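Here's a quick briefing to read with the structure open beside you.

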Amino acid sequence: MGWINAAIGQLFSLFVDDVWFSLGIIAWIAFGTLQLPKLPVGPGWDAPLIFLGCAVILVFSTWRTARAS
Amino acid sequence: MDMISLGITTSSATVAIAAFLASVVEFVEALTIVLAVGTVRGWRPALIGAGAGAALLVVLVAIFGPLLSAVPITWLQLIVGILLLLFGMRWLRKAVLRSAGIIALHDEVAIYAKETKSLQIDGPPTGRWDPIALITSFKAVVLEGLEVIFIVIAVGSTGDALVPAAIGASAALLLVIVVGIAVHRPLARVPENTLKLTVGVLLSAFGVFWIGEGAGLPWPGEDLAIIGLIGGFLITALLAIQIARRSTVLEEV
């Protein structure tokens, strides 16, 4: 049982290290795929904007961790 | 060569490279543990445990692999894209923090020493089978191998590039086994953080690309957008390293 828990924990840790970082990405993806197409942005800009949001999340998260260290 | 063929060729090559580099990182980590087990408790249980782990992974792929074809392609792209992005950006974040000196670098020699010490504390092997050695070796191969399987399936399945992904991972396995047998000690010289940063960039780029495709959001340049995304994530990671370094220096001042 302990081994199964370890495997599940390992599987979870493949995708989540810093919970806020992962939640930020998921929230942005949800907004980007569901709401961005409804906003008055050019049709070719929706997908690149999803990338830009992810880039901002990465820079912000590493900056925040660096300041807290 | 037209733009579509160029995009597909570029995408397959990038998939193979991503799978190869990511697999090298994981196989090196598994090798460190198997080496520690073999050195301290004997090669027979270490290799049987590793072999059993590899066999379990093959069974898992055989069971779950075909299920993927039952998932509609847009859902597959979206789900795999999100998982790839989470996985890739997690590696990217860690690599950025390590490059900036915020967290310690991964040290295979230290891990090997720690594992060796722990295996010695457990006492000498008793009887024909050494369960401690078998389980330690088995666990290392299964846990690290799961990551390899995820990467191969994730980068390969959505773009119809499972073959290049599997070739990349197999080449990594072969390379690590050959070098491991040759040097017979942990592969400490592998630039683990640079590999993680590179793989993080590649997987994040694939992740965002598949999310866009799955959600029906068009990419400028279609498949060739992956190249732009790789460049974009690389620039972002390098920028994040500089910003993180500067903010720690400022805090110290």
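**Where the two chains meet**

Leaving aside residues up to four places away in sequence, Trp63(A) touches Ile243(B), Ala244(B) and Ser247(B); two residues count as in contact if their C-beta atoms, placed from the backbone, lie within 7 Å. Keep in mind that this is a predicted model, where local features need pLDDT of at least 70, side-chain atom pairs count only at pLDDT 80 or more, and totals for chains, interfaces and linings use all residues. Residues are numbered from 1 along each chain as its sequence is written, while chains are lettered from A and ligands numbered from 1 in the order in which they are written.

- Trp63(A) sits in helix 3 (residues 46-68) of chain A; helices (H or I, at least four residues) and strands (E, at least two) are DSSP runs, numbered from the N terminus.
- Trp63(A) is partly exposed, with 18 other C-beta atoms within 10 Å. On this scale a residue is buried if 20 or more other C-beta atoms lie within 10 Å of its own, exposed if 12 or fewer, and partly exposed in between, with C-beta atoms placed from the backbone.
- Between Trp63(A) and Gly24(A) there are 15 Å in space, C-alpha to C-alpha, and the two are 39 residues apart in sequence.
- The contact between the chains takes 28 residues from chain A and 37 residues from chain B.
- On the chain B side, helix 3 (73-99), helix 5 (131-157), helix 7 (192-214) and helix 8 (225-252) each supply at least two of the residues that touch chain A.
- Helix 3 of chain B gives the largest share of that side, 12 residues.

**Chain A overall**

- Chain A has three helices and zero strands, running α-α-α from the N terminus on.
- Its radius of gyration is 16 Å, well over the 11 Å that the globule rule gives for 69 residues, so chain A is more spread out than a compact globule. The radius is taken over C-alpha atoms, and the globule rule is 2.2 Å times the number of residues to the power 0.38.
- The C-alpha trace of chain A spans about 50 × 30 × 15 Å along its principal axes, and 26% of its 69 residues count as buried.
- Confidence in chain A averages a pLDDT of 88, with 97% of the residues at 70 or above; pLDDT is the predictor's confidence in each residue, from 0 to 100.
- Among the elements of chain A, helix 2 (residues 19-34) has the highest mean pLDDT (95) and helix 1 (residues 2-13) the lowest (76).

**Chain B overall**

- Chain B has eight helices and zero strands.
- With a radius of gyration of 20 Å, close to the 18 Å that the globule rule gives for 253 residues, chain B is as compact as a globular protein of that length.
- Its C-alpha atoms fill a box of roughly 65 × 55 × 30 Å, taken along the principal axes.
- Buried residues make up 49% of the 253 residues in chain B.
- Take the contacts in chain B between residues at least 6 apart in sequence: 89% of them join residues at least 24 apart.

**Core**

- The largest nonpolar core has 90 residues, and Cys54(A), Ala19(B), Leu92(B), Val155(B) and Phe206(B) touch the most other members. Such a core is a set of buried Ala, Val, Leu, Ile, Met, Phe, Trp, Tyr and Cys residues joined through C-beta atoms within 7 Å.
- Phe206(B) touches Ala18(B), Leu84(B), Val155(B) and Ile226(B), again not counting residues up to four places away in sequence.

**Helices and a loop in chain B**

- Helix 2 of chain B (residues 43-64) has its buried residues at Pro45(B), Ala46(B), Gly49(B), Ala50(B) and Gly53(B).
- The face of helix 2 of chain B turned away from that buried side carries the exposed residues Val58(B), Val59(B) and Ala62(B).
- Helix 3 of chain B is largely enclosed by the rest of the structure, because 20 of its 27 residues are buried.
- Just after helix 3 of chain B, Gly101(B) takes a positive phi of about 80°.
- Glu222(B) lies in the loop between helix 7 and helix 8 of chain B, and its phi is near 50°, a positive value in a residue other than glycine.
- Glu222(B) counts as partly exposed, with 14 C-beta neighbours inside 10 Å.
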